[in-house]
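Please look at the structure below before reading on. Some questions and answers about it come after.

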Amino acid sequence: MAYDFDLLVFGSGPGGQKAAIAAAKLGKRVAVVEMKHMLGGVCINTGTIPSKTLREAVLYLTGLNQRELYGASYRVKEEITVADLGMRTQHVIGREIQVIRSQLGRNHVTVLQGTGRFLDANTIGITGEEERKVTAEKIVIATGTSPARPSTVEFDDKMVIDSDAILHLDRVPETLVVVGAGVIGIEYASMFAALGTKVTVVERRERMLEFCDLEIVEALKYHLRDLAVTFRFGESVAAVERRPRGALTILESGKKIPADCVMYSAGRQGKTAELCLENAGLAADDRGRIQVDENYATSVPHIYAVGDVIGFPALAATSMEQGRLAAQHACGEPVAEMHELSPIGIYTIPEISFVGKSEDELTRDKIPFEVGISRYRELARGQIIGDSYGMLKLLVSSEDRRLLGVHVFGTGATELVHIGQAVMGCGGTVDYLVNAVFNYPTLAESYKVAALDAMNKMRVIARLTAEL
């Protein structure tokens, strides 16, 4: 059968874009189906890029990072408005969309504007300015996710909102309740707290960011409390009542929290409802996610799925690599598995990043380790930039001195973590970091300081053990 395209991709987010370009580089006829106003997907338009740009605008305009040097009252702009924040965000979104459009165009990828759905396993119907249908030999689903909206909550996108609507508030709220202490909830809680909003975080679990190192999470929690964030752990929301001048959050314990705005961060839902998956012989789970194998192929061998729509880890960085690998496999190219050492970055204020194992995981797996710590306040660069709270933690094998985990909290954490990732990926030991020369003054020096700390601890333990 002659197909219109060799590969068709649903969605132009990180996973879809990389899948399309990878296939095009292999000489395939490729098309991407995307809505007119959503080129770049959720990542560019409502998710990663807007939220991280908002964070950067908050840090700059509030002068938060400079207060260690210039005093607690220091601000670049006294009255920060939504327009101030949105100006930077819209600029970056516009530039990123231009970059993506240029990349797709350079690689001769056809962009089909509209909403796509399966008519059968190889035929796609597209609803846009006009109805059309196309056929493709291989298909990649990269539709991403949208914020989950519990049916019990009456969202109005003004007083009761999700993480998409928070980008379109008409003013910076004086008070805000964030329901859910996952990554998105805590990121926005920290941003608005930095703006001066009185934030209350409600979380039914007993701690936040359970997959992160406990010491790092405690450091973040301390810093957020310093920004006047109130935490209500072990609490569930019974109801949210909209009032003329705000919303009242009622907890199951009976507590009542009045606020200008309530943001629900109740996880994400795969955007598969409109795909008519059943026409292709596929199905999604109750969260809209699609199951795939190690090559990102679904139960229908010529249909692949990548990115947030397949679930964990649901990161832009991993989605990009999944898209590339899926396209290579679909095109019959040799494929290597994604490296297991994928870093996690959490863009709170201050930020967190880690790669490898945590202390809890190593203890659970009965792997002996030593901890090496460096604190930014002990580094010249930390003093220069006014970061007295940052820290870097190395987890080192007590048996062969391999680096097992790197956990960073503070300025530049999401950049710094890649040094440890590279050392770990090459099977390096703490000895490399001890003997390496780092630029001075830099935050990267924290690796040498932490490595020396771990090495010294291991020497002391070895000496004391020998003396017993």
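This is a predicted model: local features need pLDDT of at least 70, side-chain atom pairs count only at pLDDT 80 or more; totals for chains, interfaces and linings use all residues.

Residues are numbered from 1 along each chain as its sequence is written, and side-chain values use heavy atoms, with hydrogens and water left out.

Q: How far does helix α5 reach from its first C-alpha to its last?
A: Helices (H or I, at least four residues) and strands (E, at least two) are DSSP runs, numbered from the N terminus. Helix α5 covers residues 82–106, which is 25 residues. The expected span of a helix is 1.5 Å times one less than its number of residues. For α5 the expected value is 36 Å, and the helix comes close to this, reaching 36 Å.

Q: Which elements do the buried residues of α5 pack against?
A: Buried means under 20% relative accessible area, exposed over 50%, and partly exposed in between (1.4 Å probe, protein chains only). In α5 the buried residues are Asp84, Leu85, Thr89, Ile93, Ile97, Ile100 and Leu104. Contact means heavy atoms within 4.5 Å. The elements packed against these buried residues are α1, α2, α3, β3 and α6.

Q: Are α1 and α8 roughly parallel or roughly antiparallel?
A: Axes are lines fitted to C-alpha atoms, for helices over the stretch in contact, with angles from 0 to 180 degrees between N-to-C directions. The axes of α1 and α8 come within 7 Å and cross at roughly 30°. Angles under 35 degrees count as roughly parallel, over 145 as roughly antiparallel, 65 to 115 as roughly perpendicular and the rest as oblique. Therefore α1 and α8 are roughly parallel.

Q: Does Tyr296 count as buried or exposed?
A: Tyr296 lies in the loop between β16 and β17. Its phi is positive, near 70°, although Tyr296 is a residue other than glycine. The relative accessibility of Tyr296 is 13%, so it counts as buried.

Q: Where does Ala314 lie?
A: Ala314 is not a glycine, yet its phi is positive, about 55°. Its relative accessibility is 35%, so Ala314 counts as partly exposed. Ala314 is in the loop between β17 and α8.

Q: Which residue does a cis peptide bond join to Ile349?
A: Omega of this bond is about 0°.
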